[in-house]
Amino acid sequence: MSRSPERLTVLALTLALVAGHPGTAWADPADPADPVEATAGVEDVVARVEDVIAEVESLDGAESESKRGEQITVALTSDVLFALDKAVLTTGAKLRLRRIAERVRAESAGGEVRIEGHTDDQGSDAYNDALSLRRARAVGQVLRAALAGTGTTLLAKGFGESRPKVPNIVDGAPVEANRARNRRVEIVFDAAR
């Protein structure tokens with residue numbers, strides 16, 4: 001690759017843009033006696049910017065949080081909330097959900113809170129859709145009681161296996177750790193501004 005001053009300048013500007021630093025653009029002034037530098041033009045650098053979504057996960061991997069704009073998503077693995085193939089919350093799950101409800105009460109802009117159930121790829125689509133909905137509704141019951149009087153509307157929906165967080169199968173082999181991450185319930189709300 002040629003390392004001409006123009007290419008180095010474009011590279012420096014590109015790195016500054018990608019890194020998100022306004023930085024100072026610099027370049028050596030063109031030497032009017034050098035016909036190459038005297039005729040070198042400036043090209044627009046266009047870089048596509050995509051949403052950056054950071055996800056923070058608890059040390060035990062049972063809970064994670066991501067934020068996109070003002071929307072916050074708290075995900076709890078179903079293995080922490082429910083026994084396998086069940087939609088009855090454990091005692092520990094109820095305590096964890098009350099803590100999340102306190103957070104929603106403190107940080108939410110109010111209005112709608114979505115509760116979205118998800119499963120892994122085991123079982124039929126119909127079974128997984130029904131199980132994920134039952135689990136979302138079970139979480140909704142605890143949150144409804146904990147958020148009473150806040151004017152919050154809770155909407156429960158089951159997505160079954162249609163929205164995996166990570167691939168259930170990698171290189172043709174099932175990955176149990178990925179399946180466990182896909183079995184989850186997400187609580188989605190808008191943060192107060």
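Begin by selecting Arg183 and Asp120, both of which are buried in this predicted model. These two residues form a salt bridge, with the closest N and O atoms 2.6 Å apart. The pair links distant parts of the chain, for Arg183 lies in the loop between helix 6 (176-182) and strand 8, while Asp120 lies in the loop between strand 4 and helix 5, 63 residues apart.

Next, select Arg179 in helix 6 and Asp121 in the loop between strand 4 and helix 5, which are 58 residues apart. Their salt bridge brings the closest N and O atoms to 2.7 Å, and Arg179 is buried, as is Asp121.

Move on to Arg99 and Glu63, whose closest N and O atoms are 3.0 Å apart in another salt bridge. Here Arg99 belongs to helix 4 and Glu63 to strand 2, 36 residues apart. Arg99 is partly exposed, with a relative accessible area of 43%, whereas Glu63 is buried at 15%.

From Glu63, show strand 1 (residues 54-57) and strand 2 (residues 63-68), which run antiparallel and are joined by four bridges. Val56 has Glu65 in strand 2 as its bridge partner, and in the hairpin, with five residues between the strands, Gly61 takes a positive phi near 75°.

Finally, select Leu97, one of the residues that touch the most other members of the largest nonpolar core, which has 24 residues. Among the residues that Leu97 touches are Leu76, Val139 and Ile187.

Methods. Residues are numbered from 1 along each chain as its sequence is written. This is a predicted model: local features need pLDDT of at least 70, side-chain atom pairs count only at pLDDT 80 or more; totals for chains, interfaces and linings use all residues. Side-chain values use heavy atoms; hydrogens and water are left out. A nonpolar core is a set of buried Ala, Val, Leu, Ile, Met, Phe, Trp, Tyr and Cys residues joined through side-chain atoms within 4.5 Å. Buried means under 20% relative accessible area, exposed over 50%, partly exposed in between (1.4 Å probe, protein chains only). Contact means heavy atoms within 4.5 Å. Two strands pair if DSSP finds at least two bridges between them. Helices (H or I, at least four residues) and strands (E, at least two) are DSSP runs, numbered from the N terminus. A salt bridge is a side-chain nitrogen of Lys or Arg within 4 Å of a carboxyl oxygen of Asp or Glu. Lists of a residue's contacts leave out its neighbours within four places in sequence.
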